[in-house]
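Here is a short briefing to keep beside you while you look through the model. Take a look at the sequence and structure first, then read on.

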Amino acid sequence: MSTVPLPTPITPLSRRVSAYPSILSTTRGLPPLAIGRILREVASMIALLSRNQAGEWGSGAFFVALAAMALYSTESAFKALGLMWLGLMLNTSLVPKTLTWTPCRLALPYLAMARFMIDALSIRQRFFTQPYYVAFVSYCVVMAICSVISGWFTTIALFKLGNFWLTTTAILLGGSILVKKHVDPGEWAVSLSLTGITAGCMAIALGVQNNLFRHGRLTDQFTGAFLHPNCHATYASLFVTFLAAVFVYSRYRHRWLIFPMAIVRLVFMTWSKSRTSFTATLAGMLILIVFGGSTARLAGWIRRSNVSRTTLYTVIGILGLTGVIYDLASGGALSSGAVGFINKGKVQSDDSSDMFLDSLAIVQSRRGLIDYSMKNFGENPVFGIGFQVAKTEEFARTATLFTAPAEKGVMPTPLLEVGGVGGTTFFLIWIMAFLATMLTRRNIPGLMVFAAFFMSSMTEVTLFSPGGVGGFG
């Protein structure tokens, strides 16, 4: 009597756990948000970042490890990029930025791109014909034409534009491969967030949490783990938004872990006095409020919200009512503190109890940059002055291919300044195509985090700076 082998049972797609890799290896089939594994991940990342304390040789060893990760797989290449950009933002007392950082931080995305291309060809990934990517390439081509016509530091403008195109392409391509392979790096992303929190606590313990120099002197403004208070806008706001998405839409165990992490992040954001970080977080939360309770489609999974729309709105209502009652009972302490925060401490009043928003104080730190951008736009309304360059004496004197920072104002004015009407039009087409793709795919967490990043870029224009803080976003 012949025997017929029983078919191997197929695990439903909605129940698969594809990959929860550590920074140097891959662990499959394990439940996500395992506390022990997260702590090991954090310890590994802190140890790797700490290599930079050994000077040039230490930084070299750090980037050799990241290069090995980038070559190993798409998952680990994605992680290498995230860890590098976190290290780039960290306080120099924690992660010194030696000369090795200058070329290596620009080269690693190229290495990751090579890894992504290999995997894309092997799985026949159809990425380059996606409408949002075609719109993105069209924007880059138009900006290249604008930069050539402008003639202002054209080589630097084209080099920056090429780096922006390649880095953004690498991130979008790598992400699409993870989606195609049903790889979920969510637990690692939670670990990365906890690594940033740990670095912030280390900075406080070492007394370097105010390590910000302005005009040659040390200030008392809280930077925490980062180089600058505004880094909280890119890092903290994105992770608070991401953690909220994890709680609402994931099926992870131990989802309660996100609450203490989010609270610590919000405290650091408050201490930093970064208004942009809170504005960006609110932008992400607004998407959650609008779509809360809806079903999301994530990388092939159908995800129903863990929180009903009724529960979500009830919690929001209770929190709002509690805030109003506390504010009334404390004589306006909450509203006064909010006004002072928005005004950056420059609160004007007719008397000691009458406080109001001061529009001049709110935009004072950006007003000069806004005026200067509009002046350049008025002189170059069609093609602009070129991608990420500036018509200032300091820029003309110090700009090189590897170090050519150009401080900009609020995003709408730099868009008009660098690309004119033509470049701005194609930028808007690209953003609309990207938003339409996420809406069509019901990628609600993606919409949340994108909204937070886009809003964080409004005042710092980090979206166009992948060689700096913008790379992490």
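Glu 379 and Lys 375 sit four residues apart in helix H13, about one turn of the helix. This is a predicted model, in which local features need pLDDT of at least 70 and side-chain atom pairs count only at pLDDT 80 or more, while totals for chains, interfaces and linings use all residues. Residues are numbered from 1 along each chain as its sequence is written, and side-chain values use heavy atoms, with hydrogens and water left out. Helices (H or I, at least four residues) are DSSP runs, numbered from the N terminus.

**Salt bridges**

- A salt bridge here is a side-chain nitrogen of Lys or Arg within 4 Å of a carboxyl oxygen of Asp or Glu, and the count comes to four.
- Glu 379 and Lys 375 form one of them, with their closest N and O atoms 3.1 Å apart.
- Arg 37 and Glu 187 meet through their side chains in a salt bridge of 2.8 Å, N to O.
- That pair links distant parts of the chain, with Arg 37 in helix H1 (residues 35–50) and Glu 187 in helix H7, 150 residues apart.
- Arg 37 is buried at 11% relative accessibility, and Glu 187 is buried at 1%.
- Arg 115 pairs with Asp 119, the closest N and O atoms being 2.5 Å apart, and both residues are buried.
- Arg 115, Asp 119 and Lys 181 are linked in a network of salt bridges.

**Loops**

- Arg 124 has a positive phi of about 55 degrees although it is not a glycine, and its place is in the loop between helix H4 (101–122) and helix H5 (131–150).
- Arg 124 counts as exposed, at 73% relative accessibility.
- His 182, also not a glycine, has a positive phi of about 55 degrees, and lies in the loop between helix H6 (154–180) and helix H7 (186–206).

Methods: Helix = DSSP H or I, 4+ residues; strand = E, 2+ residues; numbered from the N terminus. Buried < 20%, exposed > 50% of the residue type's maximum accessible area, 1.4 Å probe, protein only.
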